[in-house]
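This report describes parts of a single structure. The sequence and model are shown first, and the notes follow.

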Amino acid sequence: MTYLPFFSNPTAARHVHLNNSSGIHFALHHPRSPCSPAPFVAPLPFSTVLSHDAARVQALTSRLSKTTATISRASSSPLLRPDAVSVPLSKGTSLGVGNYITRIGLGTPSKSYAVVVDTGSSFSWVQCSPCRVYCHSQVGSVFDPSASSTYRSLPCSASECGGLESSTLNPPACSVSNVCIYEASYGDSSFSIGYLSEDVLSLARDLRLPGFVYGCGQDNEGLFGRSAGLIGLARNRLSLLSQLAPVTGNAFSYCLPSTSSSGYLSIGSYNPGRFSYTPLVSSSLDESLYFLRLTSITVDGRVISVPSSMQTIIDSGTVITRLPSDVYDALSRAVAAALKRYRRAPAYSILDTCFVGSLSRLAVPPVELVFQGGAALSLPAKNVMIDVDESTTCLAFAPSGDVAIIGNTQQQTFSVAYDVGRSRIGFAAGGCG
């Protein structure tokens, strides 16, 4: 199999490839992997990861319940004064530290940027000079719109400006110079504010997307790590997936790697024969997120029933899978019974089913997540339990509200296909390198 790198930048060439039979391939990195193109400056305690994960889940829950809150830090941004209208902000999804990292090319000539990949977000943005208010520290140089011959900002009359509220969950603002201003706010008080723009997105040797609509961030504050920005893969007309769909088809797949493996993001065609499928489910709670139907969980062959009314989201940025309390309690009891010969350990942050010792020393029972249509995730031990420190391992599930969220710990090393065009999600084991 021969990959054809587009970028003259050799760093970018290592991250983006084109293969006509299986879509556009991006290298995908765990956020805490030493190979990540935007690594954290210092190792994060796992308790910090879990606290940020709790913020993301709380924000998702608020979003689904249509709860709104004003985030004063963003609404008081100097970018919105005095030459623009300030508007209230609604909570979006907390980015935290659970999202995966890849690279994209932007502008003419194309330059490479490390960005967060998020299936829970619909809007894409990068930090832009002159950073009129604030840019967080990122790997590499900040995108300079004045250096791109194909860059342009979009006016307030543009249809894309009118579509911002459904994409960012916040209404647009308008500067006195008639430039559309986006406001993307997240549940942990992180935010990006800037100018709605378009430019050429370069993904592979044979694929340039002129007129790619994104945000040129001038005030970007919060938990974005050292990334240059974010690409959104949720279901909305401004998402990267929707903008690429006329060229590549309305599908993408990924394998989320562990810290010690390599993964991929592929947009476009994929090998459908590898996967077992479950239907995408429509939900009035949020039309942009990916809902599916979890029908049961098995632990060592024992079936745990799931209420037919339970709604389930699959999300690339949530670290720990959440289950409604009654379902979680049944899972916790079943796993604890299978591990009864091991000494229990105190709860660790949001994880309450913990044992003394490392994962490698536990005989973890097989756990399977079964979805409508028969598709299933047969979880290896490392997708069931997680080492939280040198002497403790815990069940990598936690209780939540009424909506279940399939997190990335359970998805790691599986290939997951989001075939939006055929309204289905597929799973296949052994996807990462």
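## Basis of the model

Helices (H or I, at least four residues) and strands (E, at least two) are DSSP runs, numbered from the N terminus. The model is predicted, so local features need pLDDT of at least 70 and side-chain atom pairs count only at pLDDT 80 or more, while totals for chains, interfaces and linings use all residues. Residues are numbered from 1 along each chain as its sequence is written, and side-chain values use heavy atoms, with hydrogens and water left out.

## The annotated positions

Strand β4 (residues 111–118) contains D118. The unreviewed UniProt entry lists D118 and D315 under "active site". The two are spread over 198 residues of sequence, yet they cluster in space, with a largest C-alpha distance of 8.0 Å. UniProt positions follow the numbering used here, feature names are shortened, and annotations may be inferred rather than shown by experiment.

D118 is buried, with a relative accessible area of 0%. Buried means under 20% relative accessible area, exposed over 50%, and partly exposed in between (1.4 Å probe, protein chains only).

## Around D315

D315 lies in the loop between β18 (312–314) and β19 (321–324). D315 is also buried, at a relative accessible area of 2%. Beyond its neighbours within four places in sequence, its contacts (heavy atoms within 4.5 Å) include R56, L60, D118, T119 and N408.

## Helix α6

Helix α6 covers residues 240–248, and its buried residues include L240, L241, L244 and T248. After α6 comes G249, with a positive phi near 100°.
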